[in-house]
Amino acid sequence: MDKSFGTKLAHAGRPQGQGVSPVNPPLVRASTFVFDRLADFELASKTPFDGPFYGRVGTPTTFAFESAMAELEGGHRAIATASGVAAISAVLLAFLQRGDHVLVVDTVYEPVRRFCTRMLSRMGIETSYYDPAAGAGIEALIRPETRLIYLESPGSATFDVLDLAAIVAVAKARGIRTAIDNTWATPLLLRPLEHGIDVSIHAATKYIVGHSDAMLGVVTTNAETYDAVRRATQDLGACAGIEECNLGLRGLRTLEVRLRQHEASALTLARWLADQPQIARVLHPALPSCPGHAFWQRDFDGSAGLFSVELATRDPQAARAFLDALQHFRIGFSWGGYESLVLPMHPDSRALGRWKDLGPVVRLQIGLENPADLRADLEQALAAI
Ligand SMILES: Cc1ncc(COP(=O)(O)O)c(C=O)c1O
């Protein structure tokens with residue numbers, strides 16, 4: 001029977017067909033699985049990723065979270081990792097080796113840029129950055145040794161939305177792999193493999209866990225890329241904790257209701273902010289003022305609760321006054337939890353020069369508080385500018 005996405009969220013990764021069972025898969029903690037017979041041990045070692053074998057590969061709790069994510073993203077298999085960054089690093093290392101070239105979107109989450117600069121370059125792997133507006137123009141940046149195009153949509157800080165179809169068409173024509181950071185959208189709003197992308201990556205730390213109390217990553221692959229990504233995650237040893245996988249699974253059950261509330265509150269506040277004289281521009285994918293808005297309209301099933309504003313002032317002290325005056329919005333990294341957060345962003349450190357003349361950019365994570373309270377807080381803090 002066909003299942004809507006909300007129904008899949010309620011059922012994915014749960015025990016079925018076992019007669020009486022608990023609603024949730026039991027939490028299985030183990031470094032070691034023991035076998036009575038050598039023959040069974042030898043059999044398990046032939047397919048170590050398909051069942052309990054060794055704790056670093058996973059326990060039934062890990063497998064439950066992974067199978068839920070694979071189902072929700074329409075992928076072949078999913079692999080849980082220690083964090084979002086662990087998932088991204090594993091994917092980059094899965095496809096790249098000495099002499100290769102990778103194209104990374106210039107609006108990428110900053111620690112990925114650091115990984116390319118500090119780790120990939122040391123291994124003889126060259127990175128170049130493409131404009132998020134490149135679309136089919138990315139073709140001009142491809143070299144004979146380009147092996148991977150890395151996407152993040154919407155991008156960090158300025159939320160530029162990519163033309164997935166144009167980039168995927170170029171990659172496929174040239175036999176180049178594609179991987180995307182899909183953290184903002186979650187599988188609820190975008191399922192990248194349906195768009196022909198090979199690998200979808202999540203910092204499950206954000207909306208999937210949803211309560212700011214765990215670090216977790218997950219990679220969903222198609223059939224062609226699964227072995228390479230699984231090998232890389234194993235070689236790095238950055239396996240997900242069992243409690244964290246359980247929290248990821250729990251978070252999925254309420255993902256739709258939480259995200260729809262984040263979406264509604266964020267849209268209300270983004271539209272209100274757009275009319276305030278202290279705001280130069282609202283960078284929210286669902287608003288026409290956001291670069292790539294038309295691609296968001298075409299590809300996404302809604303919007304999340306994270307966006308940025310560019311302040312009208314050029315005075316950094318005024319921007320500091322705004323951040324310090326906020327009371328419901330606390331200053332902090334991360335996002336995707338129930339609480340509102342704010343963070344100054346620095347897109348001027350990107351590779352392409354065009355981000356240098358922006359006013360102060362402030363990122364807002366709209367939490368699950370009453371949006372009227374959040375608006376009152378923003379109003380009084382804007383008055384401090
Ligand atoms: C877009 C994006 N991707 C990946 C990450 C990294 O996730 P983690 O903190 O779980 O390593 C973050 C964290 O802020 C992020 O914003």
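Predicted model: local features only at pLDDT ≥ 70, side-chain atom pairs only at ≥ 80, totals over all residues.
**Sheet.** I began with the strand order. Seven strands form an open sheet, and I read the order as β1-β7-β6-β5-β4-β2-β3. The pairing is mixed. I then looked for the edges. They are β1 (77-81) and β3 (126-130), each of which pairs on one side only. From one strand to the next, the twist averages 20 degrees.

I picked out β6 (residues 199-203) and β7 (residues 217-221). In which sense do β6 and β7 pair? They are antiparallel, with five bridges. I followed Ile201 across and found Val219 as its bridge partner in β7.

**Helices on the sheet.** I checked α5 (residues 110-120) next. Helix α5 lies across β2 (101-105), β3 and β4 (146-152). Its direction is at about 155 degrees to β3. Helix α8 lies across β1, β6 and β7. I noted an angle of about 15 degrees between α8 and β1.

**α4 against α8.** I turned to helix α4 (residues 84-95) and helix α8 (residues 226-236). They pack at an angle of about 120 degrees, and their axes are 8 Å apart. I therefore logged α4 as oblique to α8. The crossing of the two helices is right-handed. I listed the contact residues from both sides. Helix α4 brings Ser89, Ala90, Val91, Leu93, Ala94 and Phe95. Helix α8 brings Ala228, Val229, Ala232, Thr233 and Leu236. How many residues of each class make this contact? I have nine nonpolar, two polar and no charged residues.

Conventions: Residues numbered from 1 in each chain as written. Heavy atoms only, no water. Axes fitted to C-alpha atoms, helices over the stretch in contact; angles between N-to-C directions. Helix = DSSP H or I, 4+ residues; strand = E, 2+ residues; numbered from the N terminus. Parallel < 35°, antiparallel > 145°, perpendicular 65-115°, else oblique. Left-handed = near helix turned anticlockwise from the far one by under 90°. Contact = heavy atoms within 4.5 Å. Nonpolar A, V, L, I, M, F, W, Y, C, P; charged D, E, K, R; others polar. Pairing = 2+ DSSP bridges.
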